[in-house]
Amino acid sequence: MGKLDLVTIIIIAANVIVSYKGFGDYGFFEKYKFNVGAVKRGEQIRMFSSGFLHVDTQHLLFNMVTLYFFSGIVIYELGVVGFLTIYFASLFVGNVLSLYFHKNEYHYSAVGASGAVMGIIYSAILFDPWMEINFFIPGFVFGIGYLLYSIYGMKKRIGNIGHDAHFGGAVGGYIATLVLSPSLFNSDLLFVGLLALPIVLLYVLKKMGKI
């Protein structure tokens with residue numbers, strides 16, 4: 001964890017370059033951000049391009065520092081191709097969930113790598129459930145707690161934050177990791193089940209019309 005691999009450098013560099021282009025070019029930012037109406041018109045590239053744009057330097061820095069700390073364990077366990085699969089699957093699933101929850105809000109927009117980064121975090125937690133986050137929080141507790149907060153944020157529309165993209169990213173990372181490393185069902189079945197609980201809860205709440 002915290003090892004700066006070449007693939008991580010490339011992903012961070014891509015985010016920095018595209019984000020700074022967006023900071024200084026409003027037309028570019030508008031063309032490639034996630035927007036429900038535009039995606040529904042067929043501009044599917046936004047499902048991925050939006051993940052490389054950020055609102056400001058603080059937003060970019062937070063996501064990239066977080067990626068730096070969690071990417072190493074995923075690359076170690078799954079290799080470069082596996083890491084990239086997790087990253088882009090999480091980004092895509094995060095935006096799919098945003099599209100689903102905001103399908104009737106044609107002006108809804110979002111940017112940021114948060115969905116992809118959440119997928120990497122969740123993947124890392126699956127491989128090391130007891131990893132310490134903020135020096136004392138066990139990884140699996142953080143993962144479950146964060147998704148429960150995301151459900152609450154989605155329900156209450158807390159802040160200008162894409163809680164659904166964060167949640168979707170974590171789901172993408174969770175599913176992709178288990179597909180790429182099914183041995184986790186044998187070695188860490190308890191944590192695989194625990195980390196699935198918020199996902200099941202969201203599904204139930206959606207079916208009940210609570211979200």
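Predicted model: local features only at pLDDT ≥ 70, side-chain atom pairs only at ≥ 80, totals over all residues.

Colleague: Okay, how many helices and strands does the chain have?

Modeller: There are 10 helices and four strands. Both are DSSP runs numbered from the N terminus: helices are H or I with at least four residues, strands are E with at least two. From the N terminus on, the order is α-α-β-α-α-α-β-α-β-β-α-α-α-α.

Colleague: And why do you call the chain as compact as a globular protein of that length?

Modeller: Because its radius of gyration is 16 Å, close to the 17 Å that the globule rule gives for 211 residues. That radius is taken over C-alpha atoms, and the rule is 2.2 Å times the number of residues to the power 0.38.

Colleague: What share of the residues is buried?

Modeller: 49% of the 211 residues. Buried means under 20% relative accessible area, exposed means over 50%, and partly exposed is in between (1.4 Å probe, protein chains only).

Colleague: Switching topic: how do H7 and H10 cross?

Modeller: The axes of H7 (residues 139–156) and H10 (residues 189–207) come within 9 Å and cross at roughly 5°. So H7 is roughly parallel to H10. Axes are lines fitted to C-alpha atoms, for helices over the stretch in contact, with angles from 0 to 180 degrees between N-to-C directions. Angles under 35 degrees count as roughly parallel, over 145 as roughly antiparallel, 65 to 115 as roughly perpendicular and the rest as oblique.

Colleague: Which residues meet there?

Modeller: Phe140, Leu147 and Met154 are among those in H7, and the H10 side includes Phe191, Pro198 and Leu205. Contact means heavy atoms within 4.5 Å.

Colleague: Now Leu67: where does it lie?

Modeller: Leu67 is in helix H5 (residues 57–101), and at 0% relative accessibility it counts as buried. Beyond its neighbours within four places in sequence, Leu67 is in contact with residues including Thr8, Phe83 and Val117.

Colleague: What about Asp164, buried or exposed?

Modeller: Asp164 is buried, with a relative accessible area of 5%. Its place is in helix H8 (residues 163–180). Not counting residues up to four places away in sequence, Asp164 touches Gly94, His102 and Tyr108, among others.

Note on methods: Residues numbered from 1 in each chain as written. Heavy atoms only, no water.
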